[in-house]
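Colleague: I'd like to learn how to read a model like this one. Could you walk me through a few features?

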Amino acid sequence: MPYPNLFDAATAEAAVQRILALTPETQPAWGKMSVSQMLAHVSVAYEMAYEGKHPRPNAIMRAVLKLFVKAAVVSPAPYKKNVPTAPAFKITDAREFEVERDRQIAFIRRTAELNAAHFGGKESLSFGPLTAGEWNRLFSKHLDHHLTQFSV
């Protein structure tokens, strides 16, 4: 399945419009996260790409992630509902909707500004170097999955 190219400014703005359709009261079609927790959850992938906030897994864990998780994350196949998530992506505390919404929008716009050239060969904390297409699927597929979860 092809996913929207978040390196393209117009496509990124379409994703932003989907996010802007959310409200603090938006309920999920499945799962346990609130809309604010979901926005924080989706932002983790961007934090890993842009911020030094998350530690790099050790060599053994990176090998396991590359062998068993990478394909599911960066392949064109959509995510299944209610699949377990990595510990760094588990958001269980209350989050402020506007803060999380604005952070996610800023990450999407930054990704479009940097564009595909910035991401080609860029190292992922968990999976090693990824192509620009893999980075786009990592970001776009995850975002689409959760925006669909919240019916936008």
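Predicted model: local features only at pLDDT ≥ 70, side-chain atom pairs only at ≥ 80, totals over all residues.

Colleague: What volume does the largest pocket have?

Modeller: Rolling a probe the size of a water molecule over the atoms shows where empty space is left. Here a pocket is an open set of points on a 1 Å grid over the protein atoms alone, where a 1.4 Å probe fits, with protein on both sides within 12 Å along at least five of seven lines. Its volume is the space filled by probe spheres set on the points, joined across faces, edges and corners. For the largest pocket that comes to about 1300 Å³.

Colleague: Which residues lie nearest its centre?

Modeller: His41, Pro84, Thr85, Ala86 and Phe89, out of 45 lining residues; lining means having an atom within 4 Å of a point. By class there are 26 nonpolar, 14 polar and 5 charged (nonpolar: Ala, Val, Leu, Ile, Met, Phe, Trp, Tyr, Cys and Pro; charged: Asp, Glu, Lys and Arg; polar: the others, Gly among them).

Colleague: Which helix gives the most to that lining?

Modeller: Helices are DSSP runs (H or I, at least four residues), numbered from the N terminus. α6 gives the most, with 7 residues. α2 (35-50), α3 (59-68), α4 (70-74) and α6 (132-149) each supply at least two.

Colleague: At what angle do the axes of α2 and α6 cross?

Modeller: Axes are lines fitted to C-alpha atoms, for helices over the stretch in contact, and angles run from 0 to 180 degrees between N-to-C directions. The axes of α2 and α6 come within 10 Å and cross at roughly 175 degrees. That makes the two roughly antiparallel (over 145 degrees). On the α2 side, Met38, His41, Val42, Ala45, Tyr46 and Ala49 take part, meeting α6 residues that include Trp135, Leu138 and Phe139. The residues of this contact divide into 10 nonpolar, 4 polar and no charged.

Colleague: Is Ser36 buried or exposed?

Modeller: Relative accessible area decides (1.4 Å probe, protein chains only): buried is under 20%, exposed over 50%, partly exposed in between. Ser36, found in α2, is buried because its value is 7%. Leaving out residues up to four places away in sequence, Ser36 touches Arg95, Glu96, Phe97 and Glu100, contact meaning heavy atoms within 4.5 Å.

Colleague: And where does Gln27 lie?

Modeller: In the loop between α1 (9-20) and α2. With 57% relative accessible area, Gln27 is exposed. Still, Gln27 is in contact with Gln149 and Phe150, neighbours within four places aside. The C-alpha atoms of Gln27 and Phe150 are separated by 6.1 Å, though the two residues are 123 apart along the chain.

Terms used:
Residues numbered from 1 in each chain as written. Heavy atoms only, no water. Parallel < 35°, antiparallel > 145°, perpendicular 65-115°, else oblique.
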